[in-house]
Structures are given as structure tokens and as C-alpha cells.
Amino acid sequence: MNVPYSWLREFLPDLPEPEAVREVLDALGLAVEEVHRLPAPPKGVVFGRALKAEEIPGTELKKLEVDVGREVVTLVSGAQGARADIGLAVARPGVVLPEGTEVAAREIRGVTSEGMALSPAELGVGEYAGGLLELPADALEPGRELAEVWPEEVVFELELTPNRADAFSVLGVARDLAAKLELELVEPAIEVEESPVARFVTVEVADPEGCDRYLARYAGGLEIGPSPLEAQRKLLAAGLRPINNVVDATNYTLWELGGPLHAFDLEEVKEGIVVRRAKAGEKIVTLDGEERRLTPDDLVIARRTAGGTEPVAVAGVMGAANSEVTERTREVVLEAAHFDPVRVRLTARRLGLSTDSSYRFERGVDPNLPPRAASRFLHLLQRWTGCTVGDVVVDVGGEKPRREVPYRPSYANRLLGTAFDAGSQLAALARLGCEVAGQGEPYTVRPPTWRVDLNIEEDLVEEVGRILGYEHVPTEPLALIPAPDNLNAEEPYRREEDLRRAMRGLGGWEVINYTWQSPAYLSLTRAPEPRRFLKNPMDSSKNALRTALYPGLLENLAVNREEPHRFFFELGHVFLDVEETRLAAVLGGPLLEAAWQPAYGEGYPAVKGVLEALAARAGARVEVRPQPHQPLHPGVSGTVFWNDEPRGFIGRLHPEVEEALELGPVHLFELVLPLPEAERTFRDLPKFPPARRDLAVVVPEGVPHAEILDLVRRFGGPYLESVELFDVYRGRPLAEGQKSLAYHLTFRHPERTLTDAEVDGEMGRIVTAVLEAGYKIRE
Amino acid sequence: MLEEALAEIRAAASLEALQEIKVRFLGKKGRLTQAFKAMKGLDPEERKARGQELNRIKQAIEKALEEREAEIRAAELRARLEREREDVSLPGLALPPGGYHVSTQILDELVDIFRRMGYQAVTGPEAEDEFHNFDALNIPPHHPARDMWDTFWLEDGQLLRTHTSPMQVRYMEAHTPPFQIVVPGKVYRHEATDATHEAMFHQLEGLAVGEGITLAHLKGALLTMARALYGENARVRLQPSFFPFVEPGVEFLVWWTDPRTGEGRWLELGGAGMVHPSVFQAADDAREKAGLPRVYGNVTGFAFGLGVERIAMLRYGIPDIRYFYSNRLAFLRQFPRP
């Protein structure tokens, strides 16, 4: 919302300087996004009156004879609106335009153009560059410096929050400033001279839920033409494009009061107006030239015809070409109505058509504004054109009463932590237009109908805070003792932090990857099929929610191809049938390296070491049982058992994936959180010496260490303290396809020293078990 | 014999050679031992004189042996030290240093600040339902306020949460006041990405609920955070704003000095306010449905939320938010933390 300073000042004669206003606007919650300074038209640009216009044959150009005071000059213009009997902004040769070009005489098609007729954008006074600044022919004396009557302007670009529908207007902003700064507010003039009219329209509202107020007024004796200079200046400063006096007067009123209006050519709607639901499939060509199909959820303004009714506007959104104001229009019907916000919003969304009108209706327009907005429009139009204003007022639906909200100043202080006295609180509300009644708490506050956002006591507390100022809110410490059920609420997060810290301590770099992936990439990396898809992805190929973390980590390996250390981990969410939190790590090279030294810690043992260290830190038992997993090399793949529960997988990436991604050997694990915790009880320190024995078992290549470990533990008796693998041997004298696994076994009794005989007995049972399992003992 | 022994000892080059000499002269069958044995046949006078002489020789040999041994040991040590010399200027073995993503670091820092104030950190789902992300937060369907959050919708009707605020209601559904929590996490906005906009980023949400909690307590919490982040002279300003789930709603600004230029300015850090009564009501309604008692009828509370990446960008002068999830080590390693 662009608010020109000079427009505000019309309502607030005592308004401080723009810099000060900017700060107050921010403090009011009408956030100033930017302050634009628009210059006056450049020096040397004068008002010119076009006397004659003729086409230059064979071109789209026109040759204009323009009175610029002391002389009549010839100008060539290609603009559509270039015609006789209008006022123009003329730059003679030598004038420097704001963007730096110097105007020069030019010969075009044999005609010498002694200067330029300028567009608002060329003048620097507005954004519109599609046509000339067109003024009434008698707006000024020809030759008058435009800058003398067109001062520079300061425009506040406000970024308004959707609750402040009332502030989408110059008057709304002025009201807030008046309340905050305690300034006098001069209301916009609305008086008109009315006269009887020969004919007018009837209005039937067939859908009162969609339209609770419909007011129609008459203006006649019109001559359609450019609006006065000052009106155009303000519209341009606000970022609007001047069109003609009638349309400009509707836009002017909209911008000023926040009330959308629409003007129909009376001739086109003279049989009567009906406000009704659209029929399924009904079509309308809106003012932007688009043909649009409507549904019964849409509300339309229709005109009566011989055969029935026909839409002439999409209510609250946009009018139709069939009834618009044209150069031939002499009489208009002005519509000032109030439409249901949700209906307008849904229609605007469905049509993909957001207009200044729909934008305001969906946020909430003062339901009692229509009569006032209509009067303001008629006042402006009469002042600008001297038109007649009809004394008929067709008004369907009536005034809405104000809401009543109970208000306790003491509650405001309890919520804000302030000590505002009741008197100043109530005065602040009154300055905002509220009616305040009552002798004590609770007071009855009736907010003005333009404040559709004030419905409950807390809303009023905010108003008091806004107007009296949050700088009066003190700073206080809060000490509270949480209710008991909150005390361990952060346990899950703490455990995530612990894992992250451990992974970092082991040397991993944490990464954070996007939640979305392409189904093709997930399939390429052998991740689970995606289950959940984005309806509106940013990149249409990446429309799936990730089903594992490691595919993203593989991308991190690829993007960091040149780096020596590629050990990444991520803790994040994946989306299978349920949303899971996971931890994954990938290793794309050795753990330790120096270019001039051999690398240390590569391959599966390295990633397994990371997993084991992670478990050791957490005090957890971790075991890997060989088992194929889709993403992994079938021969280097296992299930991770964390405290005896299967929680994920570990191994080498499937070679097909390694090749497809042009990665070397990649090792990885991925775990589903939270990881189960084991009961931890203290074991007394050993008091008696251990007995150690070694055992080497010869097994076929396919038998995993884990199986032998299980066997040894199962038959090792109560005093077997630990089993540690110390050698894996292949080769002579073992047969081909055999390997020897050698273990240190430690036995210990908690209360005495074990005898050799006892230990031999335990070893005997283990050996028997091994032999019975079909393996051999290597002596 | 003495001269001979001393010459040999001087010539000995190793401890082994020295040991051989020692055995040859002083061993059981050594020459000196033999000479002692040969004294048996001498008369007492002669034997005494001879004994004294031999003892002198023995002592002299022992002393020479000892000295020579020390010399040899010193020489060996020198040789060893020379042998073991290394170029200490060579680069070390590259241990993986490990590190946190910078977004995690800022989140950790914020969580830590609020823990010191007694808050607990909790997390929630990223794929949310419309109820928790919008409806329960007083953002009804078809309300223009929904335009404040450009949303990624899922085909199953859920959405990727647009803020961490859904956890306000989720937490209240399961817990009773009073409490103070912060919610770190990923959020999503359906926005075209550029240097300052990302479709995915991180937020920290805060919520304190209890009896008698005021906007002044919110200001106190935010000021403490600002001081912890930006130094003890940091200032905080509240400015009216609108978030449907708080009333009054404010934006909080912190006076921030750019470490690179030394220039100060008010920085919009996030949104905040007093919890809207309809949010308490939504939480109580959900509790009732789940068979839990209504407990949010007589409390007030404040909530706040702030973006994490922006703090990092300002602190380190990171020019483009798109660097964050490129996960290039060249980026990641620039934010070391002990």
C-alpha cells in the first residue's frame, strides 16, 4: 500500500515531517517497507495544449500541433492517447529527463519533432510508461512550468498485515496517526448538489448472504476525459494509472477510503440490476479482456435483459467489458456495495484474479462504508466535471450495528505488564473511533465498524498497547517451576544432541540436506519407494519426501569430490509410512590421511569402527549381523543391533550405485532413532586375577565371526568375561575356502581365583560345542 | 697386564666388546683371577705385597671399564637421537576434525541460552496436518492471513510445516502448565529461492505458559537472549505486528552492530506476542477429546519465533542463503567451534 505524504496531510494538517511520520508508522504496526521520494517534473517541462493531431501516413505516429505558450510547436508521438484537445507534459530540446537523457529535436518521417510529449514514467512522477500523461486541455495556461504546480512527493510504501484491512486506505492510515499523535483529523468532503433525474435502475439482491449491502447512485451530464492534474498526481504517486475521470474517481475513493466502487454505463444496465449467484458454466468477459467461466459459488452483478439476466461484473473482483464506462458514456450507475469476504476470496483465487477491490473485500471492508464512499465519489466527480448527481439512492440492506466488547483496563495491565491508568487507556480507544461506555470495569467498548479486527478484549489490549506505546512495557524476569509432567520433556532432544556431538567428536561433518528428492534418484540409490509427494514442488522432478538420509549424503560426497576427508553425517527426518528421525553417516575415503603418508582406516572396518565408537560412548551394545539390505553390496551388508534391537543397516554401498554416481567405494550406516537404551548397573571392580586362553576356530569362508562369537558366549559358562577377535587367517596350511578366527578368551570369578582345572573345563565345553557345530579347532 | 687391559678397554667400540674384555680379565677364569690364584705358593710377605698390587690393578681395570661403558652409552644415545631425528615441520596426519552445520550451531547456541533461563527443548513432526499448522493457531481456512505462509502441500492433504508454531498446540495437548519450552527445527516455505530466501530453513519457537505471565516477561526473555547473542549492551524493541496466534502480536527488533562496518541498526529478528485465547482453547478442546482435563482456562502465556539462518548470515557475513544446504566442505568448515 503506497501512501503519498501530501495525501495524508490533507486529512492531517498538523502532520510532522516525513522522517518522523515513518517512525510513528512503524511504531503503529503499519510497517514502512520503504520511503520513496518522487521528484517534481524536470525543469523545463511545460504544460502544452494539443490543438491538432493528424496521422503521419503509413505509420502509427501522430503529428501534434501543441500550444506551449509563446508558440505552437510540432511534436511527433506514437502514443495511443495522443490527440487534440488534451493537455500534455512537453519537454523542449535541451531538457534533461530524470533518467539522464537529454531531449533533442528529431526528424521523424520528414516531420521535425520539436521536443517530446512525456509519459508519467518519463517524467519520473509515476510508474506508468504505456502512454502519455493526459491532462484536461484547460488544466493550466500553456507554457506553464509543470514543476510549479507539481511538487515533489514522499511516498510511504507500507507492508500491511492482513488484519489491518482498515489501513489499506489513506484515511485509515491517517486515523491511526491521528490517534497516536493526538492530531486533529479533517474528514474528506462528501457534500454534493443533487438534482432529480429522469431515469434510474432498480436493484434486486437475490443472494443477501453474498451481498449484505448494495447501494446505487446516479451521475449524469458527463463528459469522459482526463482527471484534473492534482488528482492524477496523487494517483500516480500512489502507483495507480490514471484512466479517465469516472474510473479515476472510483480508484481515488478506493485508495482514500478503502471502499471499492464500480461505475456502470447506465445505458447498459438500464433495465435493472440483479445480484445473484452465477450459473454453472456462465461466462463473462472481464475488463482485462479475458473470458472467464463462473460457478454457482461466484457472485455476479447481472443486468436484466429481454431474455433474463446477464452478468456485468464479478462481484467485488472485476467489472465486465459489456457495461464499462467509455468515451460515449453520459450517465453512470455507481455501485457501492459490501460483499462476503470469503466468497470474494474464493472467486478471486479460482479466477486467478487479485484486484485492488478483491484484495480489500477479502480482508474486510467497513460494511457501513458504501453510502459514504458513494458520496465521496460523487463529490469528487462533481467537483472535477460539474456533472449532475441524482437525488435517488437505491440502498438494499442496512447499516450494521457496532459490536460490543467488554473491556477491563486492569486486564490490559495484567497482560502487558504495564501500569497504564484506566483514563488514558479509554481515551486511546476513543481516539481510535471506539465508543466507550460504563462507569467501571468491565467497560463496554464499541469499536468502529471499519475495525473488523477488533472482536475480543485482547484485541483492545493490543490497541491500547499500540497507541500508548510498547516502549512503556517494562522488562521483567520470569521464574517458574514447571509442572511435573514437563520435567523430562527434552529427553528425546538431548539424546539427539548427544548423538550429534558424538559423531562430531569422531570426526564427522554434519550436513543438512533438503527434505525433497526426485523419485528417480531415490530409485537410482536403491532407497525405499517414496510414499509422500509434494502437490506443489518447487522443482517438479523433486516432488518426493525422502525415504532415507543416505541418498542425500551421497550427493554430499559427490559435491565434495575434491576433498580429502569425506566423512559426513546427518540427523534428520525421513518419511516412510510414518515420519522417522534418523542418523546416517557415509565415509567416502580413509578416516585419516596425509598426502605424503599412507592412508589409515578405510573401508568397512572404518565405518564399523565409527559405529562401535558411537555405541561405546552411549554405553550401548552394538552388533552387526550379516543380512542383505537393498542399498548395500550384498556381500558387505548387515543389520545393526543396538542393545539387541535391530535399528538400521551398515555396509558398503551397492557397486551399481557407486558406479552410477561415479563414486569410489562408499561405506555407510543409517540408524532409526531413538536408539534403545540399556539398563546400566554398576559391576564391582575385579578383585581376582583373570585366566586367559586362546582359541582358534577353522570355519568355511561364509561363516561370520558373529556366529562363532555367539557360540563361544553361549557355551562359555558364567565366568567368561570377554571374547576378543585377534586374528583372521587364510592360506596354508588351511584348505582353500577356509579361514581361521582366533580369539582371546578371558575368564574371571568375582570371589576367588579360578583354578586351571576349572578353566580347562569351560574351554572343553566350548571346544565340544564348536566341534559339534561342524567346525574345527586349530591347534 | 694393566697396561694391556687399559689399552684394550680404550679400544673397545661396543658394550659387547667391553663385556668380553671384562670376562677375559675379571671373569672366573680371567687373567687377574688366575693371578690371584697363583699367589697361593708365595710366602706371607710377598703374598701381601702381591695381593695389594693385584687389587690395585683390579680396581684400575674396573674403573676403566665403567668409564668406557659410560662413554659408549653416551655415544650410542647420541647416535640413536641422531637416527631418530624427524622433520617436525612436515604436515601431520589429517585427523578428521568434524564439525556441526552452521545452522545447528546457531540453534544450539539459542537453545543453550534459553536452557539457562529454564526452558526445555522439544521437537515435532515436519509433515504436519492443517489443524496444527493453521486452524488451531487461529488461522482459519479462507482467511487472508493464510497468505502469510506460502505452503508446500502434500498430496495426502497434509503439509510441510510452515513454522515451528504447530508444536505450541501439540505440546499443550500433552502437557500441563506452567512450563517454558523452545522448539528448534526445520520449516518450509513455498517461495522462489534467491540470495535471501530459501524454501527450507530453521526456526526456534519459544512458548512460556503459566499464571500471571505478561508481555513484560516476554520482553525480559528476549532481552536476555539479545544480550547473550550480541553483548550486554544489546537493546530490544517491540513493535506492533500481526500473527493470528498471538494477541497482542509484536515484532521484536534488536539493536545490532555490524561487526564488519561498525554500523548499528534495528534488526527485525522475529515475531512474538501473548498467546491468543483461541490457541489455548484449541489445545483444551483437543485435550478434552483425548480424555484429558482442560488446564488452559486460567493461564496466560507468550510465544516467539525467530529464523536461524539470518542470524548466521549477519554474524559471519554470508552473502547467500543458498550456500547453507549445498553442504560443500568449503562452506561447512568455515564455522569451527571448539
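In this predicted model, B:Glu268 sits in strand E9 of chain B, which covers residues 264–275; strands (E, at least two residues) and helices (H or I, at least four) are DSSP runs numbered from the N terminus. With 43% relative accessibility, B:Glu268 counts as partly exposed, the label for values between buried (under 20% relative accessible area) and exposed (over 50%), using a 1.4 Å probe and protein chains only. Patches take residues with over 30% relative accessible area and no salt bridge, and like charges are joined within 9 Å. A salt bridge here is a side-chain nitrogen of Lys or Arg within 4 Å of a carboxyl oxygen of Asp or Glu.

On the positive side, B:Lys28, B:Lys29, B:Lys37 and B:Lys40 gather in a surface patch. B:Lys28 is found in the loop that links helix H2 (15–26) and helix H3 (31–37) of chain B, and B:Lys28 is exposed because its relative accessible area is 76%.

Over in chain A, A:Ile108 belongs to strand E7 (residues 106–108). A:Ile108 has a relative accessible area of 18%, so it is buried. As for domains, whose bounds come from an automatic or database assignment, the C-alpha centres of domain 2 and domain 5 of chain A are 70 Å apart.

Residues are numbered from 1 along each chain as its sequence is written, and chains are lettered from A in the order in which they are written. Local features need pLDDT of at least 70, side-chain atom pairs count only at pLDDT 80 or more, and side-chain values use heavy atoms, leaving out hydrogens and water.

Conventions. Patch = residues over 30% accessible without salt bridge, like charges linked within 9 Å, V, L, I, M, F, W, Y side chains within 5 Å. Areas by Shrake-Rupley, 256 points an atom, 1.4 Å probe, with all protein chains shown as cover. Lys, Arg positive; Asp, Glu negative; His and termini not counted. Charge placed at Lys NZ, Arg CZ, Asp CG, Glu CD.
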